[in-house]
Amino acid sequence: MSEVSPALPAKVGVLGGGRMGAGIAHAFLVNGCDVVVVERDEASAQGARERVESAAAKSIERGSVDGNLGEMLTRFDVSVDYAAFADRELVVEAVPEIWDLKVSSLKNVEEHLAADAILASNTSSLSMSGLAAELQRPENFLGLHFFNPVPASTLIEVVIAKQSATELIERARGWVAGLGKTAVVVNDAPGFASSRLGVAIALEAMRMVEEGVASAEDIDNAMVLGYKHPTGPLKTTDIVGLDVRLGIAEYLHETLGDRFAPPQILRDLVEAGHLGRKTGKGFYDWS
């Protein structure tokens, strides 16, 4: 049996079992935690189960995780009932980047948590202090921004809302270390550190394509070979999703000004349904 790190909560919940939510659930599961994922309906819950179980099996097959799949899966479950969070010490929300959806989801989770449980959001850009203001126990709330793909990424951005209890910083650092990843701690600000910098580079790369400076592939190669980025900004945009990048850019444009105005090429691709890898086409052809 995998032993949970003393730094990690024994019982963890994840709201949302899409690509990110499943990745977050997998990260805690393979490090010994008891994990439950809550989804909106039975079909989504089954999809979440399949994603997490498949990821766990692949981790064991590759040798990146020690353990027995059968034992691991005894510590994993999915549900469509928020009441499944009642005994969780930490719950991470991982629903789409839509303000009203985030607020309603967080409120619903909080209603089912113990008074001392910690609630975290995986938002990549929305105001943590603004979200905290909607909650009954904002001192128990912070951001845990995981990166896609979660199993391969070694970074978690810990975002501190104005209302977050000071002691949460060290607790969160411990959780991140327990997952074998590195924490970057930032105070609440639009786009935090990672999204703000990542989107700024990606938007400029899009403008360069739009202006005919170079192809998407050559622009990406310039960043991979010249600056040692693991993938270029345009391929990363395809992996993240052009719709996701557009949403973040629009929010940053609204909060930080015109330097984050989305280029027309991004709007046109999203309108055409070319959202990147998940639809088979974006700045690259993934078909």
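I take helices to be DSSP runs of H or I with at least four residues, numbered from the N terminus. The model I am reading is predicted.

I looked up Lys-228 and placed it in the loop between H8 and helix H9 (233-240). Its phi is near 65°, a positive value in a residue other than glycine. Lys-228 has a relative accessible area of 68%, over the 50% cut-off, so I noted it as exposed.

Entry two, Phe-192. This residue sits in the loop between strand S8 (182-187) and H7. Phe-192 also has a positive phi without being glycine, near 55°. Is Phe-192 buried or exposed? With a relative accessible area of 5%, Phe-192 is buried.

I found a cis peptide bond between Asn-148 and Pro-149, with omega about 0°. Pro-149 belongs to the loop between strand S6 (141-146) and strand S7 (155-160).

Entry four, charge. I noted a surface patch of negative charge formed by Glu-210, Glu-211, Asp-268 and Glu-271. Glu-211 lies in the loop between helix H7 (194-210) and helix H8 (216-227). The relative accessible area of Glu-211 is 58%, and Glu-211 is exposed.

How many aromatic pairs does a search of the whole structure find? The search gives two. In the pair of Tyr-82 and Phe-85, the ring centres are 6.3 Å apart and the planes stand at 80°, so I logged the pair as edge-to-face. Tyr-82 is partly exposed, at 22% relative accessible area. Phe-85 counts as buried, with 0% relative accessibility.

Technical notes
Residues are numbered from 1 along each chain as its sequence is written. This is a predicted model: local features need pLDDT of at least 70, side-chain atom pairs count only at pLDDT 80 or more; totals for chains, interfaces and linings use all residues. Side-chain values use heavy atoms; hydrogens and water are left out. Patches are made of residues with over 30% relative accessible area and no salt bridge: like charges are joined within 9 Å, nonpolar side chains (Val, Leu, Ile, Met, Phe, Trp, Tyr) within 5 Å. Accessible areas come from the Shrake-Rupley method with a 1.4 Å probe; for residues, only the protein chains shown count as cover. A salt bridge is a side-chain nitrogen of Lys or Arg within 4 Å of a carboxyl oxygen of Asp or Glu. Lys and Arg count as positive and Asp and Glu as negative; His and the chain ends are not counted. The place of a charge is taken as NZ of Lys, CZ of Arg, CG of Asp or CD of Glu. Buried means under 20% relative accessible area, exposed over 50%, partly exposed in between (1.4 Å probe, protein chains only). Rings of Phe, Tyr and Trp (its six-membered ring) pair if their centres lie within 6.5 Å; planes under 30 degrees apart count as stacked, over 60 as edge-to-face and the rest as tilted.
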